Amino acid sequence: MRASLIQIVVDEDETVNSRRARVSSLVREVAGRERPDLVVLPELWTTGAFAYESFASEAEPLKGLTYEAMAKAASDTGVWLHAGSVPEQAPDGALYNTSLVFSPEGELAASYRKIHRFGFDKGEAVLMSAGSQLVTVRTPTATLGLATCYDLRFPELFRGLVDAGAEMFVVPAGWPERRREHWLVLARARAIEDQAYVLACGTGGTHGGVPQAGHSVVVDPWGEVLAQAGDGEEVLTVDLDPAKVAATREQFPALKDRLLGLDEPRR
Ligand SMILES: NC(=O)CCC(=O)C(=O)O
């Protein structure tokens, strides 16, 4: 299975409309050149994860402009597309940070409303509502577990995804440069403790006054970093072996020693 992560530069000198068009072209270009099965985009790449003042003005219904553009990019290129997340305006007016995953036919395979919102008592934490559902996506080659950015700090979410069958975590993000080391360590930690692939795709540039970390990263179930981006716009393409997840869990069966947080104790 081949995955391409597209780390996008999200700066405020580019309009949302032009970025949407540019990213649609990029998905097509990368799909044609790298021949991936799965393409991954970052969190809130239309606005920027820290461009709080744009969330309401740029919010879209689930099937809005970004949905339409990404569904078409997926079906035109025949890839699974994790289109990152959009500021979703729900029918009741609430805003969510919602990830969209499209099948190669351009059908919506899954949407995930970010559960842990960042900002403590401001920003996303007050502007957005929290999702409450764990979401996995079965593709022909692997079961994906969905999480978004700040979720990476909450290992219990990832354990829940493992219990739901996840073999590969896909984590779109808009992570700040200031905490780059946290990002890299947490991505590896989630891979090691859950013996799963982590595909973590962030942004470059500066928005909302916050320089972004870039450094999108792909980690294997043993915790090895398979590829890591730099600061700017970049594509990371990696070949993944989903069978390595079961093999790692078999050879080093630490997940079988879990005693807490299970419906029934194992021993
Ligand atoms: N967009 C985010 O969720 C940012 C998370 C973050 O900055 C952090 O966890 O640190």
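1. Two strands pair if DSSP finds at least two bridges between them. Helices (H or I, at least four residues) and strands (E, at least two) are DSSP runs, numbered from the N terminus. In the hairpin of β3 and β4, five residues sit between the strands, and G93 there takes a positive phi near 95°. The hairpin of β4 and β5 also has five residues between its strands; in it G106 has a positive phi near 85°.

2. On provenance: this is a predicted model, where local features need pLDDT of at least 70, side-chain atom pairs count only at pLDDT 80 or more, and totals for chains, interfaces and linings use all residues. Residues are numbered from 1 along each chain as its sequence is written, and side-chain values use heavy atoms, with hydrogens and water left out.

3. UniProt, in an unreviewed entry, places the feature "domain: CN hydrolase" at residues 1-242. UniProt positions follow the numbering used here, feature names are shortened, and annotations may be inferred rather than shown by experiment. Over residues 1-242 the chain is 28% helix and 29% strand. The end C-alpha atoms of that stretch are 7 Å apart.

4. Strand β4 (residues 95-102) has neighbours in β3 and β5. Seven bridges join β3 (residues 80-89) to β4, and the two run antiparallel. E88 has Y96 as its bridge partner in β4. β4 and β5 also run antiparallel, joined by five bridges. F102 has L108 as its bridge partner in β5.

5. How many residues of β4 are buried? Eight of its eight, with buried meaning under 20% relative accessible area, exposed over 50% and partly exposed in between (1.4 Å probe, protein chains only). In a regular strand the side chains alternate between the two faces of the sheet. L95, N97, S99 and V101 point one way from β4, while Y96, T98, L100 and F102 point the other way. R113 lies over the face of Y96, at 3.8 Å from the ring centre. The criterion is NZ of Lys or CZ of Arg within 6 Å of the ring centre and within 35 degrees of the ring normal.

6. A six-stranded open sheet has the order β6-β7-β8-β9-β13-β14, with mixed pairing. Its edge strands, β6 (136-138) and β14 (225-228), each pair on one side only. The twist averages 15° from one strand to the next. β8 (residues 168-172) and β9 pair in the parallel sense over five bridges. P172 stands opposite C201 in β9.

7. Two non-glycine residues have positive phi. R35, in the loop between α1 (16-34) and β2 (38-40), has phi near 55°. Q195, in the loop between α6 (180-194) and β9 (197-201), has phi of about 50°. Buried or exposed? R35 is exposed, at 62% relative accessible area; Q195 is buried, at 3%.

8. The structure holds 11 aromatic pairs. Rings of Phe, Tyr and Trp (its six-membered ring) pair if their centres lie within 6.5 Å; planes under 30 degrees apart count as stacked, over 60 as edge-to-face and the rest as tilted. F120 and Y150 have ring centres 6.4 Å apart and planes at 90°, so the pair is edge-to-face. They are 30 residues apart. F120 is exposed at 63%, whereas Y150 is buried at 13%. W175 and W183 form a tilted pair, with centres 5.5 Å apart and planes at 40°. Both are buried.

How values were computed. Axes are lines fitted to C-alpha atoms, for helices over the stretch in contact, and angles run from 0 to 180 degrees between N-to-C directions.
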